[in-house]
Amino acid sequence: MATVRIPTEGKVLTEEGAVRAKLGEAGIEYERWQPAHPVSEDAPAEEVLAAYAPEIDALKKQGGYVTADVIDVKPETPNLEAMLQKFRSEHWHDEDEVRFILKGRGLFHVRPREGAVMAIEVGPGDLLRVPRGTWHWFDLCADRRVRAIRLFQDPAGWTPHYTGTGAEAGFEPVCLGPTQIPPR
Ligand SMILES: [Fe+2]
């Protein structure tokens with residue numbers, strides 16, 4: 001379940017409807033996927049893509065996505081720091097950033113054209129569609145682990161364009177984690 005923090009307002013949203021509504025204000029779509037055919041989070045990529053084929057196909061039709069793959073990032077991933085560094089500065093893409101989290105967690109910061117920066121922490125079962133052109137930056141949580149399905153309209157469009165504003169400097173990449181959210 002995703003959480004949304006608004007650091008400048010000291011707010012944390014953890015309820016699914018509230019999270020979806022807040023993200024919707026920034027044009028970001030949030031869904032929870034229940035696979036029709038459960039598959040191990042560690043299954044080979046082909047098995048994962050096959051298990052989620054109905055959801056992936058529906059998204060492809062909706063968003064004009066043509067390809068899907070599985071990205072696997074772990075602490076031992078070669079050049080992990082260099083890879084993360086590319087996405088830690090505020091940027092946008094010429095295509096949607098679509099991620100379905102299988103395992104681990106990730107932290108997106110999104111800066112809407114109007115309104116406060118949101119820190120969106122995603123975990124297993126969360127699907128996020130960040131529209132092309134959205135100003136954002138990304139980091140991993142402390143365990144440096146994420147496995148996710150990605151969808152692309154055109155993989156070439158996924159090159160980051162940097163805003164150069166330095167907006168990311170004011171926000172600590174802090175994850176709350178699934179166990180540190182107070183019970184409602
Ligand atoms: Fe990005």
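This is a predicted model: local features need pLDDT of at least 70, side-chain atom pairs count only at pLDDT 80 or more; totals for chains, interfaces and linings use all residues.
Which residues point one way from β11, and which the other way?

Residues are numbered from 1 along each chain as its sequence is written, and side-chain values use heavy atoms, with hydrogens and water left out.

**View 1. Strand β11 and its two faces.** V146, A148, R150 and F152 point one way from β11, while R147, I149 and L151 point the other way. In a regular strand, side chains alternate between the two faces of the sheet. Seven of the seven residues of β11 are buried, so the strand is largely enclosed by the rest of the structure. Buried here means under 20% relative accessible area, with exposed being over 50% and partly exposed in between (1.4 Å probe, protein chains only).

**View 2. R150 among its neighbours.** R150 has its place in strand β11. At 14% relative accessibility, this arginine counts as buried. Setting aside residues up to four places away in sequence, R150 touches T67, A68, D69, I71, V98, R99 and W158; contact means heavy atoms within 4.5 Å. R99 is also the bridge partner of R150. I101 is 49 residues from R150 along the chain, and their C-alpha atoms are separated by 8.9 Å.

**View 3. The five-stranded sheet.** Follow the order β3-β9-β6-β11-β4 across this open sheet, with antiparallel pairing. β3 (29-32) and β4 (67-73) stand at the edges with a single partner strand each, so one side of each is left without a neighbour in the sheet. The twist averages 20° from one strand to the next. Two strands pair if DSSP finds at least two bridges between them. β4 is joined to β11 by seven bridges, and T67 stands opposite F152 in β11. Strand β6 (residues 97-104) is joined to β11 by six bridges, again antiparallel. Axes are lines fitted to C-alpha atoms, for helices over the stretch in contact, and angles run from 0 to 180 degrees between N-to-C directions.

**View 4. The iron site.** The iron ion is coordinated by H91 (NE2), H93 (NE2), E97 (OE) and H136 (NE2), at 2.1 to 2.2 Å. Donors are N, O and S atoms within 2.8 Å of the metal (3.2 Å for Na, K and Ca), and sites may look incomplete because water is not among the atoms. The four donor atoms subtend angles of 79 to 165°, which makes the arrangement irregular. For comparison, four donors count as tetrahedral if all angles lie between 85 and 135 degrees; four count as square planar and six as octahedral if opposite donors are over 155 degrees apart and all others between 65 and 115; anything else is irregular. Along the sequence, the donor residues are spaced H-x1-H-x3-E-x38-H. H91 and H93 are both buried.

**View 5. Strand β8 and its partners.** Five of the five residues of β8 are buried. M118, I120 and V122 point one way from the strand, and A119 and E121 the other way. β1 pairs with β8 in the antiparallel sense over three bridges, with T3 opposite E121. β7 pairs with β8 over five bridges, also antiparallel, with V110 opposite M118. In β7 you will also find H109, which is buried, with a relative accessible area of 2%.

View 6. The largest nonpolar core has 27 residues, and V4, L23, I28, I120 and L128 have the most contacts inside it. Such a core is a set of buried Ala, Val, Leu, Ile, Met, Phe, Trp, Tyr and Cys residues joined through side-chain atoms within 4.5 Å. A second, separate core of 15 residues includes V48, L59, Y65 and V98.

How values were computed
Helices (H or I, at least four residues) and strands (E, at least two) are DSSP runs, numbered from the N terminus.
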